[in-house]
Amino acid sequence: MNTNKNKWLIPIAFTNIYVIWGITFLAISFGLNGFPPFILSGFRFLGAGILMMGYLLVKGEKPNSAISWRKNSITGILILTGGTGLVAWGEQYVTASEAAIAIATGPFWFIAIDKKNWSYYFSDKFIPLGLIIGFVGLILFLNGSVSSSNLQAELANSSIRIIAFIVLALSSVAWVLGSLYSKKNPAGHSTFMNIAQQLITAGIASFLIAFFRNEWTGFSIVKVPLSAWLGLFFLIFFGSIIAYLSYIWLLSVKPAALVSTHTYINPIVTVIAGWIVADQTINTNQFYGLIIILAGVLLTNVTKYFKLSKRSKVKIRRMIRHVNRNSRPYQPI
């Protein structure tokens, strides 16, 4: 795709990952009103994957590489079934806003798990400082979440909420493991075909987990309310197709450090959308925890942004020198 001819797509793609992925947490909470968590994830991923696969098959692309299927299966199960499916499970016991804020700690887990690059990470003074600040923010946020009086009134045992936050942390770990595996073991198909295979295998894995958790027992699809169907529709078409494709395309045309800014925006969008649509609120400690977490995430990436800015300035200087060398001197008439 010629990025010079499609520059207008860049702000649209950023808007997609900023807004859609922020609203996705709320859509999950609506879907859970009628679907058990892994059945919801199964329909979401399998539905999106089949739609994408059908489109690619019509175009003539063949998913005939067993090695690519294996690699995409591992990536899809880790990132989607583990990374996103566990979010759906966690949102049974925490609000969409709380889940989004907990997931905002993802960059910290990426640094912690990516042991190969520890020497680089910890040679930058801002990264360990950001990790410490983000951890303090997470503790403050969790303290505000567990001690929230209005939610304790709704839940008979607040310990399940602690477990839910632990599961949300594990979902971030699964996402990071899948991302690192995908980076080190790229599949051979096109980007679209890789995503379709990841979605399909993640959907099948989610349905299998639902079977072993007995989620199908007592579940009746005819009893699912309209609000849950609308939530599932949003997750399939917007969360798993439009936003995910926008994310992958942006990574191909923009620096990863710039694309990763969605980490800061998604929780804010979720909090605002939850307040407007579902009357969800966060208390003072949770709000301060959110601000501190985002500040920590920003610090872990500040050097990347600084380097990005320096590269941009170098490019501008080169362009100016090029123009000066090739321009004709001014001759008054």
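Axes are lines fitted to C-alpha atoms, for helices over the stretch in contact, and angles run from 0 to 180 degrees between N-to-C directions. The model is predicted, so local features need pLDDT of at least 70 and side-chain atom pairs count only at pLDDT 80 or more, while totals for chains, interfaces and linings use all residues. Residues are numbered from 1 along each chain as its sequence is written, and side-chain values use heavy atoms, with hydrogens and water left out.

**View 1. The whole protein chain.** The protein chain has 15 helices and zero strands. Helices (H or I, at least four residues) and strands (E, at least two) are DSSP runs, numbered from the N terminus. Of the 333 residues in the protein chain, 47% are buried. Buried means under 20% relative accessible area, exposed over 50%, and partly exposed in between (1.4 Å probe, protein chains only). Contact means heavy atoms within 4.5 Å. Among contacts in the protein chain with a separation of 6 or more, 88% are between residues 24 or more positions apart.

**View 2. Helix H1 against helix H12.** Helix H1 (residues 9-31) and helix H12 (residues 226-253) have axes that come within 8 Å and cross at roughly 150 degrees. H1 is therefore roughly antiparallel to H12. Angles under 35 degrees count as roughly parallel, over 145 as roughly antiparallel, 65 to 115 as roughly perpendicular and the rest as oblique. The crossing of H1 and H12 is left-handed, a term used if the near helix is turned anticlockwise from the far one by less than a right angle, and right-handed if clockwise. In the contact of H1 with H12 there are 21 nonpolar, seven polar and no charged residues. For these classes, Ala, Val, Leu, Ile, Met, Phe, Trp, Tyr, Cys and Pro count as nonpolar, Asp, Glu, Lys and Arg as charged, and the others, Gly among them, as polar.

**View 3. Isoleucine 28 in H1.** Isoleucine 28 lies in helix H1 and is buried, at 3% relative accessibility. Neighbours within four places in sequence aside, isoleucine 28 is in contact with Leu40, Arg44, Val87, Ala88, Glu91 and Leu235. Tryptophan 89 is 61 residues from isoleucine 28 along the chain, and their C-alpha atoms are separated by 9.6 Å.

**View 4. Glycine 231 in H12.** Glycine 231 belongs to helix H12 and counts as buried, with 4% relative accessibility. Setting aside neighbours within four places in sequence, glycine 231 is in contact with Ala27, Phe30 and Gly31. From glycine 231 to phenylalanine 25 the C-alpha to C-alpha distance is 9.9 Å, and the two are 206 residues apart in sequence.

**View 5. Helix H2 against helix H11.** The axes of helix H2 (residues 37-59) and helix H11 (residues 191-212) come within 7 Å, crossing at roughly 150 degrees. This angle makes H2 roughly antiparallel to H11. H2 and H11 have a left-handed crossing. The residues of their contact comprise 21 nonpolar, six polar and no charged.

**View 6. Helix H5 against helix H14.** H5 packs with helix H14 (residues 262-277) at an angle of about 175 degrees, their axes being 9 Å apart. The two helices, H5 and H14, are therefore roughly antiparallel to each other. H5 contributes Ala96, Ser97, Ala100 and Ile101 to the contact, and H14 contributes Pro267, Thr270 and Val271. By class, the contact of H5 with H14 holds five nonpolar, two polar and no charged residues.

**View 7. The salt bridge of glutamate 98 and arginine 161.** The whole structure has two salt bridges, each a side-chain nitrogen of Lys or Arg within 4 Å of a carboxyl oxygen of Asp or Glu. In one of them, glutamate 98 pairs with arginine 161, and the closest N and O atoms are 3.1 Å apart. This pair links distant parts of the chain, with glutamate 98 in helix H5 (residues 96-103) and arginine 161 in helix H10 (residues 159-184), 63 residues apart. Glutamate 98 is buried, at 1% relative accessible area, and arginine 161 is buried, at 2% relative accessibility.

View 8. Glutamate 215 and arginine 213 form a salt bridge through their side chains (2.2 Å, N to O). Glutamate 215 is buried, with a relative accessible area of 7%, whereas arginine 213 is partly exposed at 38%. Asparagine 214 is in the loop between H11 and H12 and is exposed, with a relative accessible area of 53%. Most residues other than glycine have a negative phi. Asparagine 214, although not a glycine, has a positive phi of about 60 degrees.
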